[in-house]
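Subject: Two-chain model, handover and findings

Hello,

Here is the structure I said I would pass on. Please open it before reading the rest of this message.

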Amino acid sequence: MVNTLLLMSFPPLLSLLILIGATFLPLPAIAQQNYELSGFASATLGKVTGKTKPTDNPSGYACPCFWSDYGQGSVYESSGLQFKPQSKVAAQLRVFTNDQKFYLTGQVISRAVNNGKVNLEWLYMSAELNSSLTVQAGKQRLPLLQFSDVQDVGYSLPWTHLPPQLYGWETVNYQGANLRWRPELAEVQVATNWFLGNNRTNDTPYFRANFGKNSITDTRWGQIRGLEAKISYGGVSARLMALNTRAQYEYDRNSSTLTNPLPIRVRTMGISVDKNNWFSGVEYLNMAHINGGDKNTTDHAFLIHTGYRYGKFTPVISYSSYRQKSANPSEPAESSNTAAVALRYDYSNTSSFKFQLDRWRDTSPEDLKSFHGNSRLLSFSYEFIF
Amino acid sequence: MNWIKALLALSLAFILVAANPMRASEKFVVIVNKENNQVVELALVSRIYMGTSRSWPDGTGAIAYDLPEEDDVRIAFSRDFLNRTVANMRIVWSQNIFSGRAIPPKKLNSDLEVKNSVVAHKNAVGYIRASQVDDSVRVIER
């Protein structure tokens, strides 16, 4: 346990452990082309057509604007056709032993929104202890919601971007370890994932909305403990996730200091149905920031969507909503919703075109509308995997 | 925003006209190793190909084989057995691969390669043209 805590406190040690693990992969086992190289890319163009111009926008973005992904700081500004917010290219390498019981997975992403800078998104090792139990360690995606694992993979999604009210938070990855249990129970599939770790994000894209596009912040989620559980039968799945962490922030790395660690509790639940080419889902998130007394705030967000696979076409409609609630009733709280309609066309077995129309409605009190305002976004994307 | 409504109507019309998927009519059979005497339900085979199940009823890991995506039997198997187009199956597997949840079925080049691999591996499952089946493998009746 001490070793686990030590590893979680020092991500470089964890990386070192993974490298050592990779070094000790038996060479003959990986000599017979026991690797998979795959990747994905999205080229997305978007144009904002807004109605309300924010009057006091502190973010430095040309608004009315559309935040398509808070987690990556992806913002479509009202300055013509935009390519950068959602366009990206990524490669994933998986190296495994002959029996595929032990493998190492790494994923790098280059995002246009970061001017093409290549980031190591994931690096983790997996060991299958038996047919239902897998232990993993390294840098991975935080399993907050149904699409979190593939939130970057445009080709895997029916939208050009995920509904921003529910997807995209201050922390999306973590360094740590997890234990997956997937027993085979006839036609009922059960999957649980217990995870532990921490994460630090410098210049958190999420906070650019509040502190400006050039803000230099520091976000630390320590002592992350979480459990994800999913049960599926036929085409129906139900999912629950609970996560506790202690968060510290530095809102300006030049002039402020790190805040004291305060608890955050995240709870999500979702139900999805996939039958006869219809697919639908409902997801809800509750994120409580325990800052003490009147300073407590809670984020509520939900998404409802439905779509239909019709040959090469997949139309989908969705509605997502976000509402912040403060323990202090006089504190103005942000709220917004987005309605979207998207159409996917499978151009080939590995590529697709999508067209999407979003309508963002800022439902915050008047004195907070300056952050967003209302906007519409038209976006078109070409996505492929390899 | 009348032009947006017009664009949506136009898109819908285009879908109705252009979406008609190609029909492939190859007859195929699902095969497993002859020594696999377990009760093999087709629903389990479907889950193995979708990546949601990885084991046979006795707990041993299943090895699945696929034909090339342009093969008529692969197209018919996806459409008639999995109720998805080949492109839809790629979406399913892109989710499995990029989330690290599962490793896709191994792609082989021909019915003969699939049959020989199923014969060689006790835990294997595959599908081939009905005309290519012989008594070296066990056919799972549909």
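Below is what was found, beginning with the interface and then going through each chain.

Please keep in mind that this is a predicted model.

Interface of chain A and chain B

On the chain A side, 44 residues are in contact with 40 residues of chain B. The two chains bury about 3600 Å² between them, and 55% of that lies on carbon and sulfur atoms. Within chain A, the residues that lose the most area to chain B are A:R182, A:E184 and A:N349, which together make up 16% of what that side buries.

Two salt bridges are counted between chain A and chain B. In one of these, A:D274 is joined to B:R84, with 3.2 Å between the closest N and O atoms.

Several strands of chain A each supply at least two residues of the side that touches chain B, among them strand 4 (88-96), strand 5 (102-111), strand 6 (118-128) and strand 18 (351-362). Strand 1 of chain A gives the most to this side, namely five residues. By residue type, the side of chain A that touches chain B splits into 16 nonpolar, 15 polar and 13 charged residues.

Chain B

Chain B has an open sheet of five strands with mixed pairing, in the order 3-2-4-1-5. Strand 3 (106-107) and strand 5 (137-140) of chain B are its edge strands, each pairing on one side only. Strand 1 (residues 28-33) and strand 4 (residues 124-129) of chain B run antiparallel and are joined by five bridges. B:F28 has B:R129, in strand 4 of chain B, as its bridge partner.

Two helices that pack on this sheet can be set side by side. Helix 2 (residues 42-50) of chain B touches strand 1, strand 2 (63-66), strand 4 and strand 5 of chain B, and its direction makes about 95° with that of strand 4. Helix 5 (residues 111-120) of chain B touches strand 1, strand 2, strand 4 and strand 5 of chain B, and its direction makes about 150° with that of strand 4.

Strand 5 and strand 6 of chain A are paired antiparallel through nine bridges. In this pairing A:Y103 is opposite A:S126 of strand 6. The hairpin formed by these strands has six residues between them, and A:N115 there has a positive phi near 55°. A salt bridge also connects the side chains of A:E121 and A:R111, at 3.3 Å from N to O. A:E121 belongs to strand 6 of chain A and A:R111 to strand 5 of chain A, ten residues apart.

Strand 6 of chain A also pairs with strand 7 (residues 133-141) of chain A, in the antiparallel sense and over six bridges. Here A:S126 is opposite A:Q136 of strand 7. The hairpin that joins strand 6 to strand 7 of chain A runs through four residues.

Chain A, strands 14 to 16

Twelve bridges hold the antiparallel pairing of strand 14 (residues 278-289) and strand 15 (residues 297-308) of chain A. Among the residues in it, A:V282 has A:I304 of strand 15 as bridge partner. Strand 15 of chain A is joined in turn to strand 16 (residues 313-326) of chain A by eleven bridges, and these two strands run antiparallel. A:T306 has A:I317 of strand 16 as bridge partner. Four residues lie between the strands in the hairpin of strand 15 and strand 16 of chain A, where A:G311 takes a positive phi near 60°.

Backbone points in chain A

Which peptide bond is cis, with omega near 15°? The bond from A:C63 to A:P64 is, and A:P64 sits in the loop between strand 1 and strand 2 (66-69) of chain A. A:D203 is not a glycine, yet has a positive phi of about 55°. A:D203 is found in the loop between strand 10 (188-202) and helix 4 (208-211) of chain A.

Last, the salt bridge count over all chains comes to 22.

Regards

Definitions and conventions
Residues numbered from 1 in each chain as written. Chains lettered and ligands numbered in written order. Predicted model: local features only at pLDDT ≥ 70, side-chain atom pairs only at ≥ 80, totals over all residues. Heavy atoms only, no water. Contact = heavy atoms within 4.5 Å. Buried area = accessible area lost by both parts, 1.4 Å probe. Salt bridge = Lys/Arg side-chain N within 4 Å of Asp/Glu carboxyl O. Nonpolar A, V, L, I, M, F, W, Y, C, P; charged D, E, K, R; others polar. Pairing = 2+ DSSP bridges. Axes fitted to C-alpha atoms, helices over the stretch in contact; angles between N-to-C directions.
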